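Here is a short report for a reader meeting this structure for the first time. Look it over, then read on.

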Amino acid sequence: MREMSASNFALGRQQPQKHYGITSSISLAFPREIDYIYTQKLIEAMKPFGVFEEEEELNHRLVVLGKLNSLVKEWIAEISENKNLPPSVIASVGGKIFTFGSYRLGVHTKGADIDALCVAPRHVERVDFFQSFFEKLKQHEEIKDLRAVEDAFVPVIKFKFDGIEIDLLFARLALQSIPDNLDLRGDSHLRNLDIRCIRSLNGCRVTDEILYLVPNKENFRLTLRAIKLWAKRRGIYSNMLGFLGGVSWAMLVARTCQLYPNAVAATLVHKFFLVFSKWEWPNPVLLKQPEESNLNLPVWDPRVNPSDRYHLMPIITPAYPQQNSTYNVSTSTRTIMSEEFKNGLSITDEILQGKAEWSKLFEPPAFFQKYKHYIVLTASASTEENHLEWIGLVESKIRVLVGNLERNEYITLAHVNPQSFPGSKESHNENDFVSMWFIGIIFKKVENAESVNIDLTYDIQAFTDTVYRQANNINMLKDGMKIEATHVKKKQLHQYLPPEVLQKKKKSIAEINRASDGGGSKRLSLDGNPLDSSRDTDSGTPFSSPTPASNPPKPANTENNITPNKTVPASNSNTSNKASTSLFMDGLPAIDVSPKPEQGMCIPVIGSKPALIPAGSTIPTVVGRNVIPRLSPNSQPPHQLPNGVANVTINGSAPKRPHSPSLEESPKRLKDTEKLMFSDDCAFKEPFTSASDGQDQVDGQVRERLSGVKPMPIPTIDTSRSQRLSSKELPDASSPLPTSNLRVVKNSIRLTLNR
């Protein structure tokens, strides 16, 4: 591994200062000697987790990519000859392999796969890639485990090349030849391309743009390695389950680097937690001002697209067409991540004060001690092949279940553990392959009642129906594929999990990822998110377990450890010794983090509060069909802003059902009866004057230089993720459930909570 020294970091001193991001920096301070020392300690703390590859492994990857690039050029020449192109054209037709994701960013870990893109000239078609090139790969002796997924949202060929896993996408450009020095960052390359090629190019274009927009690539990479390791250890690294994936974490770190352009990794990790523990979601994180390319491609813009106003934690990709990489985030997952940001700030405060070591930052959470109630979700199949397919689909829909639970009036938070566990053979057929996921539940405290009866049957049944329906629609459903959900209390977990899991043993990331990866075989995400360019593919890399450097974390308070999106006064946090702080954010006024009671986010939405959804109704929302929750007749009139748009203080909780409706009640769709009117430029306007004096700014110094009237924040409707599921994620409610003789398990889950 290449060691980082003070001389490497000091290179930034000689570079001319450049303005990065859509705001001026918070601090231009150069690192002190102690910062280099803390950075070196951070590197040493990460080494036991296997996040750095040896030189030999790095060189092996380069050799494999070189061989693959040669194969592509050879194949394109053969295709050109078969299509009777003249020899002079064939000689220069070219073709190239581009990489993206964690490998391209330079933050891949030991054993991680490589995300790659095959770029071909205009006469090479996608069908050629999935037929003749697939056959060429099949004949290569170093290529194993070859499979094509042609009908995926982003079509891909997956294989192992001399032991290295590769996910290979395809895009053909409107060019006669593909030169070796081709730069994909130019928007003109997107002209006249089909949507699958644009999606395939998106990963490379986003990755390259991120690298271009950071002040110091080495500092960015080391900081991102630390944040990704922290996110995996804390169980919040999963785009599929509603947390953040690789590209989203990369953009958050890149934004931190823009705000502190001269800082080294130890400082940047601390500033990362400082910035995002104070961030006023759902205001978006932007690395650059969105640009128009006149290509008429759909882009993220809540002024134009009502569905974008539902996004709870928008992080916007910098390359055209700009998209939100975090549209899977739900109320619960945002709450959990917000708490983790605050916890990370508290720990890094201690580390930089010399009161703790970096190893404390990477301690895993005590998930199975944290909650009193859990939902155990079990997916089983009769063969290993069917099981891998089945759990891939089930896992991609777990966020639908979380959304259903969030809308139950008695549930405050639903926390899914990204790790899956092998199921017990006792309660299943001995030959079945079984996986389990655990969802921690916090129930609302009901006052003035000795006990309350809660029925979760509808929430679970709506989820299982969704999974079975989609499996049936894509012809995946086979005999023996089952889903079951059970409510258990903390004291009953020993019936499902071995003692070493429940005893808060610090498992290595290798064990965690092997379990969540279905025993080592990679599962294909069936929801096909084209925005998370890394597609979480480096989450299954083997990590060696470090020697614990400190005591295991104490069990957290069960019911009060996480509270949905409540404002935490600075005086109650570990930063209480600091003065009131204001941070400049993307498109935001200065964020005042001094103690203020009941300070929330003022977001223009319909109505003064989320309307209760009538019993029996669901809100299926198809992308492109603008669905806004309808106001109930008895709702209070909203407080009107000057432009006539209702102003609501968002509390981060999803609209609740007054009770769990019966299964016989048919789902109803809400019509697009309401529209929001916004000014043309309110979404991306900077409401403050950029600092140009270049003076260093220290946390604790108030920095408020607002210019004129504050523009309206991003128009966002803060509601649960499942109210805006696209048709590809949640099939239409009218789709029939399987009518074959396959067993569909329907459990009734009712429980009584005592005071």
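Alanine 471 touches Trp390, Leu393, Met476 and Leu477, leaving out residues up to four places away in sequence. This is a predicted model. Leucine 393 and alanine 471 are 78 residues apart in sequence. In space, their C-alpha atoms are 7.6 Å apart. Alanine 471 counts as buried because its relative accessible area is 0%, and the cut-off for buried is under 20%.

Alanine 471 belongs to helix α15, residues 457-473. Most of α15 is covered, with 14 of its 17 residues buried. After α15 comes asparagine 475, with a positive phi near 60 degrees.

Just after α12, glycine 354 has a positive phi of about 80 degrees. The table sets out the spans of both helices.

| Helix | Residues | End-to-end C-alpha distance | Expected at 1.5 Å a residue |
|---|---|---|---|
| α15 | 17 residues | 24 Å | 24 Å |

**A helix pair**

Two packed helices are described by the angle between their axes and the distance between the axes. How do the axes of α10 and α11 cross? Helix α10 covers residues 246-259 and helix α11 covers residues 265-277. Their axes come within 9 Å and cross at roughly 105 degrees. That angle falls in the range 65 to 115, so α10 is roughly perpendicular to α11. By class, this contact has 9 nonpolar, 1 polar and 2 charged residues. From α10 come Trp249, Leu252, Val253, Arg255, Thr256, Cys257 and Leu259. They meet Leu268, Lys271, Phe272, Val275 and Phe276 in α11.

**The cores**

In soluble globular proteins, nonpolar side chains tend to be buried together. Here the largest nonpolar core has 116 residues. Which residues have the most contacts inside it? They are Phe220, Trp230, Trp249 and Trp390. Tryptophan 230 is in contact with Trp249 and Phe272, and also with Ile236, Phe273, Glu340, Phe341, Leu361 and Phe362, leaving aside neighbours within four places in sequence.

**Backbone exceptions**

Most residues other than glycine have a negative phi, and most peptide bonds are trans. Where do cis bonds occur here? One runs from tryptophan 281 to proline 282, with omega near 10 degrees. Proline 282 sits in the loop between α11 and β6. Another cis bond joins tyrosine 320 and proline 321, with omega about -5 degrees. Proline 321 is in the loop between β7 and α12.

Asparagine 84 has a phi of about 60 degrees. Its place is in the loop between α4 and α5. Asparagine 84 is exposed, at 67% relative accessible area. Aspartate 145 has a phi near 50 degrees. Aspartate 145 lies in strand β3, residues 143-149. With 56% relative accessibility, aspartate 145 counts as exposed.

**The whole protein**

The protein has 17 helices and 19 strands. Of its 755 residues, 59% are buried. Among contacts between residues at least 6 apart in sequence, 80% join residues at least 24 apart.

Terms used. Residues are numbered from 1 along each chain as its sequence is written. This is a predicted model: local features need pLDDT of at least 70, side-chain atom pairs count only at pLDDT 80 or more; totals for chains, interfaces and linings use all residues. Side-chain values use heavy atoms; hydrogens and water are left out. Helices (H or I, at least four residues) and strands (E, at least two) are DSSP runs, numbered from the N terminus. Buried means under 20% relative accessible area, exposed over 50%, partly exposed in between (1.4 Å probe, protein chains only). Contact means heavy atoms within 4.5 Å. The expected span of a helix is 1.5 Å times one less than its number of residues. Axes are lines fitted to C-alpha atoms, for helices over the stretch in contact, and angles run from 0 to 180 degrees between N-to-C directions. Angles under 35 degrees count as roughly parallel, over 145 as roughly antiparallel, 65 to 115 as roughly perpendicular and the rest as oblique. Ala, Val, Leu, Ile, Met, Phe, Trp, Tyr, Cys and Pro count as nonpolar, Asp, Glu, Lys and Arg as charged, and the others, Gly among them, as polar. A nonpolar core is a set of buried Ala, Val, Leu, Ile, Met, Phe, Trp, Tyr and Cys residues joined through side-chain atoms within 4.5 Å.
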